[in-house]
Amino acid sequence: MQPRLDALRRRFRPLGIANFIVVKFSDIHFKEAANIRYLCGFNGSNAVLLVTARQAYLITDGRYTNQAREQVTGAKVFTYKNGFSTADAFGREMKNNREIKFRGRIGFETAKMTFDMHKTLQHYFPNCPLVETSGVVEQIAAVKDETEITAIKRAVSITDEAFAKILPLLKPGVGEMDISAEITYQHKKLGADRDGFEPIVVSGVRSSLPHGTATTKKIAKGDFVTIDMGCLAGGYTADMTRTVVVGKATSEQKKVYALVLEAQQRACEAAQAGMWAKDLDKVARDIITAAGKGDYFTHGLGHGIGMEVHSAPRVGAQSKDKLAVGNVITIEPGVYIPDWGGVRIEDDVVVRQDSNEILNKSPKQLIEL
Ligand SMILES: [Mn+2]
């Protein structure tokens with residue numbers, strides 16, 4: 001963890017700060033909010049990490065005393081007692097604990113700081129101006145080392161295996177929710193910690209909802225079924241989407257599927273370090289647009305994955321990110337036609353110097369069940 005903390009400290013001067021604070025509160029942030037875990041190993045739901053030029057302090061509550069002792073490296077651990085998970089409890093601990101020493105400007109994450117915590121810090125530390133930052137830890141975490149890539153490969157491999165177990169269950173009369181439950185079960189059975197995110201299982205016209213979640217709807221003959229799943233294993237997520245047809249595909253279904261597959265494969269071939277992420281998006285988008293379906297590709301091509309399922313770099317038309325060696329991104333074009341259905345195909349890809357490595361092994365040719 002020390003190299004990560006040091007990488008963060010190297011950004012202090014350009015950001016004009018002397019300290020950096022990361023907050024994570026139970027029930028406010030998604031459990032994926034992983035910057036504290038990335039920097040010091042702690043994965044509890046409630047913590048503040050304060051990084052100074054020479055020291056780091058992890059503050060959490062009494063529920064996590066033992067867990068923090070086991071997990072944290074590179075930071076001194078303090079737990080406050082008898083306090084609720086409130087900003088004030090953290091603020092008081094930072095103020096009253098004589099071992100916690102810091103002065104000067106504190107960089108904070110605009111996307112994760114709560115209004116309560118901001119007010120509390122201003123109240124207790126009026127001489128430490130708070131400085132807005134955004135994506136600082138995410139940019140560091142976007143470049144994975146080989147240990148992290150190995151962890152992601154394992155998550156992807158478990159996800160592939162779970163998908164293979166799901167396929168035979170896709171039959172007319174089976175509910176989307178049953179499939180969703182089975183995905184969660186298989187992830188855990190096959191060695192994952194949990195789902196990396198709530199699985200998406202959408203069938204029939206519902207497959208036109210890019211981020212629809214499973215319902216009690218039963219799969220019918222002829223339905224497209226889009227499954228977007230990924231486990232969290234060893235702290236890293238996989239993220240894969242496949243669309244299949246239950247029964248025989250119509251010619252229109254085949255056409256749309258072939259189009260999305262073509263776009264997905266061309267983008268997979270093109271991805272490499274040094275490329276602007278928006279140009280990679282364009283590779284897939286141009287193919288779909290040329291076929292007259294551009295208006296139905298309603299999201300970006302992909303995103304980074306890591307400890308969180310959606311992380312840097314962004315891979316979309318608006319992205320300002322450039323792909324770098326060690327990025328792990330998704331490539332997931334889709335076509336969603338309202339009241340008809342949709343197709344998305346998604347792989348996880350490691351960006352290399354002059355190439356890339358596609359991690360998923362699940363078949364991409366149209367599967368008719
Ligand atoms: Mn994705």
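Helix 5 (residues 87–96) packs against helix 6 (residues 115–124) at an angle of about 30°, and their axes lie 9 Å apart. Angles under 35 degrees count as roughly parallel, so helix 5 is roughly parallel to helix 6. The model is predicted. Its protein chain is assigned two domains, domain 1 (2–141) and domain 2 (146–358).

**Helix 5 and helix 6**

- The crossing of helix 5 with helix 6 is right-handed.
- From helix 5, the residues that meet helix 6 are Ala87, Asp88, Phe90, Gly91, Met94 and Lys95.
- From helix 6, the partners are Asp116, Met117, Thr120, Leu121, His123 and Tyr124.
- By class, this contact of helix 5 with helix 6 has six nonpolar, three polar and three charged residues.

**Domain 1 and domain 2**

- Between the C-alpha centres of domain 1 and domain 2 the distance is 33 Å.
- Contact between the domains involves eight residues of domain 1 and seven residues of domain 2.
- On the side of domain 1 that touches domain 2, helix 3 (35–40) and helix 7 (136–141) are the elements that give two or more residues.
- Helix 7 supplies the largest share of that side of domain 1, with three residues.
- By class, the side of domain 1 that touches domain 2 has three nonpolar, two polar and three charged residues.

- Three strands make up an open sheet, in the order 7-10-11, with antiparallel pairing.
- Strand 7 (194–195) and strand 11 (236–237) are at the edges, and each has a single partner strand, so one side of each has no neighbour in the sheet.
- In general, strands of a sheet pair through backbone hydrogen bonds, either parallel or antiparallel.
- Strand 10 (residues 231–233) is joined to strand 11 by two bridges, and the two strands run antiparallel.
- Leu232 is placed opposite Thr237 in strand 11.

**Helix 8 across the sheet strands**

- Helix 8 (residues 146–166) lies across strand 10 and strand 11.
- Relative to strand 10, helix 8 runs at about 140°.
- Angles over 145 degrees count as roughly antiparallel, 65 to 115 as roughly perpendicular, and the rest as oblique.

Terms used
Residues are numbered from 1 along each chain as its sequence is written. This is a predicted model: local features need pLDDT of at least 70, side-chain atom pairs count only at pLDDT 80 or more; totals for chains, interfaces and linings use all residues. Two strands pair if DSSP finds at least two bridges between them. Helices (H or I, at least four residues) and strands (E, at least two) are DSSP runs, numbered from the N terminus. Two residues are in contact if their C-beta atoms, placed from the backbone, lie within 7 Å. Axes are lines fitted to C-alpha atoms, for helices over the stretch in contact, and angles run from 0 to 180 degrees between N-to-C directions. Domain bounds come from an automatic or database domain assignment. Ala, Val, Leu, Ile, Met, Phe, Trp, Tyr, Cys and Pro count as nonpolar, Asp, Glu, Lys and Arg as charged, and the others, Gly among them, as polar. A crossing is left-handed if the near helix is turned anticlockwise from the far one by less than a right angle, and right-handed if clockwise.
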